[in-house]
Amino acid sequence: MIPRSFRHSAVAVVLLAASAVLAAPQPSTNQQIERRIEALLRQMTLQEKIGQLVQYDGITTDAATLAKEGRVGSFLNVTGAEKTTALQNAALQSRLKIPVLLGYDVIHGYRTIFPVPLGSAASFDPQLVEQSERVAAKEATAAGVKWTFAPMVDIARDPRWGRIVEGSGEDPYLGSMIAAARVRGFQGANLADPQSLVACAKHFVGYGAAEGGRDYNSSEIPEDTLREIYLPPFHAAVEAGVGTLMSAFEDLNDVPASANYHTLTEILRKEWRFDGFVVSDYNSVHELVPHGVAADDEQAGLQALTAGVEMDMADGVYDKHLAQLVQSHKLPMSTLDEAVRRVLRIKFRAGLFDRPIFTDVERARRDILTPANREVARHMAEESLVLLKNENSLLPLPKSGKKIAVIGPLADDQANQLGSWIGRGRAEDAVTPLQGITAKLGQQPVLHARGIDMLSLVRAQEVSGATGAAPAPTGATGAAAAGTETGPATIENAVQVAQQADVVVMVLGEPAGMSGEASSRAFLDLPGKQEQLLQEVVATGKPVVLVLESGRPLDIRWAAEHVPAIIQAWYPGIEAGNAIADLLFGDAVPSGRLPVSWPRSVGQIPVYYNHKSTGRPTAPDRWHTGYLDESMEPLFPFGYGLSYTSFSYSNLSVAPQVRPDEPLRVRATVQNTGQRTATDVVQLYVHRRVGPTSPRVRELKGFVRVTLRPGQSETVGFDFGQSAQVLATHDASMRPVVPAGTYDVWVVPNAAAEGAAGSFQVVTK
Ligand code: NOJ
C-alpha cells in the first residue's frame, strides 16, 4: 500500500528485508493467543469483562483498589518503575490475574525529549524518526509504561489549530511514511519485547480538519477527501501493525468520531482488517451527550461501543452503564465479548500475561537519559531545523573573529526548548541556544540580552494552563549560566547589546504552551512585543539571524523581507542549543524541509499545496481564484528548505506508457552545484490531467534524502511495483480507479519548484 522510494538497489534490498521481518506472521503464536483469549473469556464474569474495557486516570482514582477488584483494564498517567510495579502487582491479585495496560502520552520522547513531532517530520527522514521512537520506547518501558498515545497522525492544513505541532503536517504521503516509522519505532519487531511500547494512532479521524482551526470543533470532510487525505496515515499505521487507535473528540460529518460506525467499523475493521482495539479520547464517550447524539451516558456508552470504541478513557461511562445495557438486552453479549477479545489480544501480544513486570529501578536508571539517547535527540534536532532564508550566505557564521550577541526571550529559556507534551522531560535537562552557542565558541565572550521577559509573552496571550503546557522554568539546575546577560529585559537594553556585536542571533517565537491541545490562535503574529524588538535590533544595521521557535508557522512577513537569515527551529527538544549551534556555525548543514505550507497571513488559511485546480486557476487578473488584497502563494511552499549548498535537477525519465498493474519507474539526476557536502530531500510529485473527479494540482508520492559532495551528481530513482499504488483515486461511488490519460511528474526540491519534469500516459485497455 505504501510505495517505496529508493535510489540504490542496495537500499531497496535493505528496505525489502526490513519489511519482510516486520510483516512475518507467526501463525502458531497467533493461534495460541486466540486460544488463550477464548479460554480466559469463558471464565470471566460480566463485571470482569466490562472491567477490561474501562480505563481510568491513575492520578484521579484509587488505582490500586480498582485494579485488585479487576474492575479496570488500563490506567493512564501512572509512570515510574516503582509505581507501575506496585499497580501491576495489585492487578495480579485480582481473581483472574489479568494484567493492566499502563498508558501515557509519550509524544516526542519520555525523558530525553526530541523535537516536537512537526519538527521531526520536517526531517523527511523516516529512519531517524523510527530510531527516535525506539529511544522513546526504551525509556518509557524502563519507567513501566507499556502503551503510548502516539503517534498523532492527524493531517493539519490549518496552523491556527494548536495541535498541528503534534502531527506531521499537511501531506498524506509524508504523514503515512512518518506514521509507519513511528509505529515501527515504538513497537519494535516484537511487541512482547520489554523495550517495546504499544502504539496508538490518533485521533481517528478528521480531528485536524476542525473548522476555523478551533480545537474540538466539528469537521466536514467529503468522503473522497477523507480517503485520500485524512485516512492514509492511519491506514499506514495499521499496515505497520499498530496495536491501538484513539477515537477523536470532534463531530465528523454529523456523527461524532467516537460514535462513528462508518469510520470505526466499516473502514477500520472491515476494509482494513484491523484486529487491535480502539480507545476513546479523554471523556469523549460521555461527550456524545453534549454533542447531542446521545440523551444520556447510557445511550452514549451503547453508541460508542457499538460503533467500535472498545475502551472508554476516563469518564467511567462503560464502568457505570454496560452491565445494565447487557442485562436489558440493548447490548448483545457477543458485542461485549468481541470488544474484550480485542483488548486481551493486545495484552497478550504485548507479553503482559507472561511478563507483566518488565522493568525495575535499576533498569530505569540505566536506560533513561543516557548520553547515547541524547545523541539521537541531537541528530534528530539537527535534521528538523529548516533554513528559510540565507541572503548573501550570511550563514554559516565563522567560529572566530566576530562578536556574537544572542538576543530574545527564548534564547536562554530551558523549558521552552522542549515544546508541548513533554512526558517526563525536565527543563533542567535542556540546552538553550545561548548555552549551545557559548559552548561552541569556547573562550570567546558571547553577549546576551532577553529584550523581553518570557512571562510577559505568556500573559500577553492569556494562555491558560492548557494540557501539556511546558512546565515553568526551573532555574537551570545543572547548566552553567551561559553568555553575559547585560542589563534588564527591555528592548532598549537589547538594542544596546546588539550595537556592541558584529552579528546578532535572535531567538524569538511562541512560548511552548501556546501550542498543543486547547491552544488555537486567531492571530499568528509573534506574541508580545517581539516584532518590535526584532525591528529595533534590525534597525541597528547589524546582520541578524532569526531563529524561530514555534509549534506552527507564524506570520513573519516583515522578517522575511527585512531579516537576512531565518531558521525555523520548531521546538528542538533537549539538545536544542547544540543542534542550533551546529547549524549556525556550519558543523551541520541544514536539510529540514517544511512539512506544511507556510502562510503569508492568517487570511490565506487554509493554504496547502495539494489543492484542486478550480475552473479558474489563479492568474493575475481578478476573475480567477484568489484575493484582491493578498497573494495566493504561501510565503514558503510545502517541502521548502535551503541548504548551505545548491542543487540542480535534470534528466527526468519515465516510460511513455504504463498500465495500472505495471511498475512505474521515475529517474532524475540531482547535482550538488555548490561548495559544501550536503543532504538534499528530493521529492517526487504527480498530477493527473483529467479524471472522473477533479484532480489536485500536485501530490507528493515519494522522497529520498541524498547526500552529495560538491560537484557530485546522482541518479535518483523512485520505483513502484504497480503504477496504481501512486495514481489511484476514487470515483464518485468511492471505488478506487486509475483513470486513463496523461499524468505529469516532477522531481523537485519543493512543491512549487519546476525542477525536472515529464509526463506519461496511463492506458487501461
Ligand atoms: C486528550 C488528548 O486529545 C489525547 O491526545 C491524549 O492522548 C489524551 N488526552 C490522554 O492524555
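**Close-up A. Helices α7 and α17 cross in a left-handed sense.** Left-handed here says that the near helix is turned anticlockwise from the far one by less than a right angle. This is a predicted model, so local features need pLDDT of at least 70 and side-chain atom pairs count only at pLDDT 80 or more, while totals for chains, interfaces and linings use all residues. Residues are numbered from 1 along each chain as its sequence is written, and side-chain values use heavy atoms, with hydrogens and water left out. Two packed helices are described by the angle between their axes and the distance between the axes. For α7 (residues 126-142) and α17 (residues 371-384), that's an angle of about 145° with the axes 10 Å apart. The axes are lines fitted to C-alpha atoms over the stretch in contact, and angles run from 0 to 180 degrees between N-to-C directions. Helices (H or I, at least four residues) and strands (E, at least two) are DSSP runs, numbered from the N terminus.

**Close-up B. Side chains where α7 meets α17.** From α7 come Leu128, Val129, Gln131, Ser132, Val135 and Glu139, and from α17 come Asn373, Val376, His379, Met380 and Glu383. Contact means heavy atoms within 4.5 Å.

Close-up C. Polar side-chain atoms sit at 2.5 Å from a ligand oxygen for Asp105, 2.6 Å for Asp281 and 2.8 Å for Lys202. The protein covers 95% of the 290 Å² of accessible area that the ligand has on its own (Shrake-Rupley method, 1.4 Å probe).

**Close-up D. Two cis peptide bonds, at Phe204-Val205 and Ile605-Pro606.** Most peptide bonds are trans. Omega is about -10° between Phe204 and Val205, with Val205 in the loop between β5 (200-204) and α9 (223-230). Between Ile605 and Pro606, omega is about 0°; Pro606 belongs to the loop between α24 (576-584) and β18 (647-654).

**Close-up E. Asn253 and its positive phi.** Most residues other than glycine have a negative phi. Asn253, not a glycine, has a phi of about 50°, and it lies in the loop between β7 (251-252) and β8 (255-256).

Conventions: A polar contact is a pair of N or O atoms within 3.5 Å; within protein, one must be able to donate a hydrogen and the other to accept it, and residues adjacent in sequence count only if both atoms are side-chain atoms.
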